[in-house]
Amino acid sequence: MKPLIDIHDLSTGYDGHTVLEDVNLSIYADDFIGIIGPNGGGKTTLVRAILKTIPYEGTVTYAPDLIEDGHLSVGYLPQQHQFDRAFPISVREVILSGLQARKGLWGRYRTRDTLHAYALMQQTGISDLADRPIGELSGGQMQRALLCRALITEPKVLILDEPTNFVDNRFEKELYQILQQLNERMAIVMVSHDLGTITSVVKSIVCVNRHVHRHNSNVITSEQLDNYNCPIQLISHGDVPHTVLKRHP
């Protein structure tokens, strides 16, 4: 099987400081990858390099079938959203705006686009908020709307950067169930600080701390984390594993 995204010898950083060095990583169609690592270790930087939104040395290659009509078939849910909550736009319009790159500024949405948006809202539990202005949404509701926006183009790869920020525990469980269903038809790459929770849903773990190490299992030990130079301490509270992320020096 050929990878959808292939990264070779990638290095990048900011202001003369190297954040990632000699990264090699392949992402396949059936992958569900959990990206973990210490704060400042380069997790979000890796995502930005995959999306080619920052300069880097090395190569990031996309498979031909990942390009549709000149557009990259990748959905992205960033860690922090950039929407101006004072802007008069509804939840439905936010979701449909994910199609704008393909339709152009003045492109019109088709009936099936609107029906797809409603189906996504139904799946994420916000169908009753379709006409609600985004300024009235809670953080969790906004996160759900932005997930729908990332999915509206039916991407082959979905990238999520800390998707459970601002959501309650109930939706966090629902989100992981939704992602497992989505993984039947798309690759998923998810950045998370909570190794103890994501191991129940991901298929493999990528440790990021300047260098990148892929662990082809969702089960990982403290000794293996040490071998990957990934300073995350596993702590067990009863039967529920938790993690503590140590700050990168």
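**Ground rules**

I am working with a predicted model, in which local features need pLDDT of at least 70, side-chain atom pairs count only at pLDDT 80 or more, and totals for chains, interfaces and linings use all residues. I number residues from 1 along each chain as its sequence is written, and side-chain values use heavy atoms, with hydrogens and water left out.

For helices (H or I, at least four residues) and strands (E, at least two) I take the DSSP runs, numbered from the N terminus.

**Entry 1**

Six strands make an open sheet with mixed pairing, in the order 7-8-9-3-10-11; two strands pair if DSSP finds at least two bridges between them. Strand 7 (74–77) and strand 11 (211–215) are the edge strands, each pairing on one side only. On average, neighbouring strands of this sheet are turned by 15° against each other, direction ignored.

Strand 10 (residues 204–209) and strand 11 run antiparallel and are joined by five bridges. I found asparagine 209 opposite histidine 211, and valine 206 opposite arginine 214. One residue sits between the strands of this hairpin, and arginine 210 takes a positive phi near 70° there.

**Entry 1: helices on the sheet**

Which strands does helix 5 touch? I noted that helix 5 (residues 139–151) packs on the sheet against strand 7 and strand 8 (157–161), with its direction at about 165° to that of strand 7. Such angles run from 0 to 180 degrees between N-to-C directions, with axes being lines fitted to C-alpha atoms, for helices over the stretch in contact. Contact means heavy atoms within 4.5 Å.

Helix 6 (residues 169–182) lies across strand 3 (32–36), strand 8 and strand 9 (187–191), and runs at about 150° to strand 9.

**Entry 2: helix 1 and valine 47**

I checked how covered helix 1 (residues 43–50) is: seven of its eight residues are buried. Buried here means under 20% relative accessible area, exposed over 50%, and partly exposed in between (1.4 Å probe, protein chains only). Among the buried ones are Lys43, Leu46 and Ile50. After the helix comes lysine 52, with a positive phi near 60°.

Valine 47 lies in this helix, and I counted it as buried because its relative accessible area is 1%. Leaving aside neighbours within four places in sequence, valine 47 contacts Tyr76, Ile159 and Val191. I also noted 9.3 Å between the C-alpha atoms of valine 47 and proline 78, which are 31 residues apart along the chain.

**Entry 3: salt bridges**

Side chains of opposite charge can pair when their charged atoms come close. My rule was a side-chain nitrogen of Lys or Arg within 4 Å of a carboxyl oxygen of Asp or Glu, and the count came to six salt bridges. I wrote up three of them.

- Arginine 210 pairs with glutamate 21, with the closest N and O atoms 2.9 Å apart. Arginine 210 is in the loop between strand 10 and strand 11 and glutamate 21 in strand 2 (residues 17–27), so the pair ties together parts 189 residues apart in sequence. Arginine 210 is partly exposed at 30%, and glutamate 21 is partly exposed at 25%.
- Arginine 214 pairs with aspartate 31, with the closest N and O atoms 2.7 Å apart. This pair links strand 11, which holds arginine 214, to the loop between strand 2 and strand 3, which holds aspartate 31, 183 residues apart. Is aspartate 31 buried or exposed? Aspartate 31 counts as buried because its relative accessibility is 7%, whereas arginine 214 is partly exposed at 25%.
- Lysine 156 pairs with glutamate 68, with the closest N and O atoms 2.4 Å apart. Lysine 156 is in the loop between helix 5 and strand 8 and glutamate 68 in strand 5 (residues 67–68), so parts 88 residues apart in sequence are tied together. Lysine 156 is partly exposed at 26%, as is glutamate 68 at 23%.

**Entry 4: threonine 124**

My last stop was threonine 124 in helix 4 (residues 111–124). Threonine 124 counts as buried because its relative accessibility is 2%. Not counting residues up to four places away in sequence, threonine 124 touches Arg144, Leu147, Cys148, Phe171 and Ile178. A polar atom of its side chain lies 3.0 Å from the backbone oxygen of leucine 120.

Notes: A polar contact is a pair of N or O atoms within 3.5 Å; within protein, one must be able to donate a hydrogen and the other to accept it, and residues adjacent in sequence count only if both atoms are side-chain atoms.
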